[in-house]
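Trainee: Before we go through this model, could you set each value against its definition as we discuss it?
Mentor: Gladly; let us look at the structure together and take one term at a time.
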Amino acid sequence: MKKLVFLFITLIVVLTGCSQNTSPEEIADTAYKWEKAKFDRDYKKEQKFIYEKGSYEVHKTAKKVNSGLRYEDIRFEIYYDKELEQYYVLADFDNPNGDNAVEENIVLRERDDMWKIDISKSSDIVRDEIKKDYKREACIHCK
């Protein structure tokens with residue numbers, strides 16, 4: 001009987017954990033891993049984060065590098081669109097491979113229980129509209 005009660009409680013804990021919303025930190029972590037793969041020119045890693053297969057082939061034949069991009073170096077503003085069930089991430093950082101500042105606009109959509117980067121929708125983002133139309137969920141590494 002004790003084993004049955006233990007299994008029941010364990011099942012409740014697991015189901016409760018699975019039904020929780022995604023945290024802004026998880027979204028920022030996914031955005032960071034995408035940016036790191038992109039600046040490292042790591043084609044195989046990039047493909048793990050892409051929503052639509054074949055939508056980003058830039059580094060398919062490029063030589064990998066270690067960009068040195070760190071999570072702590074990126075400022076993430078995170079917004080959630082309840083209607084479309086997608087996240088907008090505005091990421092700002094210094095280019096680890098150059099001297100310029102980078103302003104990335106990222107749309108994350110859920111597929112197969114993972115948040116993935118929608119390349120085509122990301123290019124359509126207008127930062128000022130996102131800031132005006134949606135409530136900011138979080139700002140990570142903001143000063």
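Trainee: What makes the contact between the side chains of Lys 38 and Glu 35 a salt bridge?
Mentor: A salt bridge is a side-chain nitrogen of Lys or Arg within 4 Å of a carboxyl oxygen of Asp or Glu, and the N to O distance between Lys 38 and Glu 35 is 3.8 Å, so the pair meets the definition. Keep in mind that this is a predicted model, in which local features need pLDDT of at least 70 and side-chain atom pairs count only at pLDDT 80 or more, while totals for chains, interfaces and linings use all residues. Residues are numbered from 1 along each chain as its sequence is written, and side-chain values use heavy atoms, with hydrogens and water left out.

Trainee: Why are Lys 38 and Glu 35 separated by about one helical turn?
Mentor: Because they lie 3 residues apart in helix 2, where helices (H or I, at least four residues) and strands (E, at least two) are DSSP runs, numbered from the N terminus. Helix 2 covers residues 24-39 and reaches 22 Å from its first C-alpha to its last, close to the 22 Å expected at 1.5 Å a residue; the expected span is 1.5 Å times one less than the number of residues.

Trainee: Why does Lys 38 count as buried, and why does Glu 35?
Mentor: Buried means under 20% relative accessible area, exposed over 50% and partly exposed in between, with a 1.4 Å probe and protein chains only. Lys 38 has 15% relative accessibility and therefore counts as buried, and Glu 35, at 0%, counts as buried too. Helix 2 is mostly covered, with 12 of its 16 residues buried.

Trainee: Which residue forms a salt bridge with Lys 38 with the closest N and O atoms 2.1 Å apart?
Mentor: That partner is Glu 104. The pair links distant parts of the chain, with Glu 104 in strand 3 (residues 101-111) and Lys 38 in helix 2, 66 residues apart.

Trainee: How do you know that Asp 92 and Arg 127 are buried?
Mentor: Asp 92 has a relative accessible area of 18% and Arg 127 one of 14%, so both values fall under the 20% limit. Their side chains meet in a salt bridge at 2.9 Å, N to O, and the two residues belong to a network of salt bridges that also includes Arg 75, Glu 77, Lys 131 and Arg 136.

Trainee: What makes Cys 139 and Cys 142 a disulfide, and why is it left-handed?
Mentor: A disulfide is a pair of cysteine sulfur atoms within 2.5 Å, and the sulfur atoms of Cys 139 and Cys 142 are 1.5 Å apart, so the pair qualifies. The torsion about their S-S bond is about -65°, so the disulfide is left-handed. Cys 139, with a relative accessible area of 25%, is partly exposed, and Cys 142, with 29%, is partly exposed as well.

Trainee: Which residues touch the most other members of the largest nonpolar core?
Mentor: A nonpolar core is a set of buried Ala, Val, Leu, Ile, Met, Phe, Trp, Tyr and Cys residues joined through side-chain atoms within 4.5 Å. Of the 24 residues in the largest one, Trp 34, Phe 76, Ile 78, Val 89 and Leu 108 touch the most other members. Helix 2 gives the most to this core, with 6 residues.
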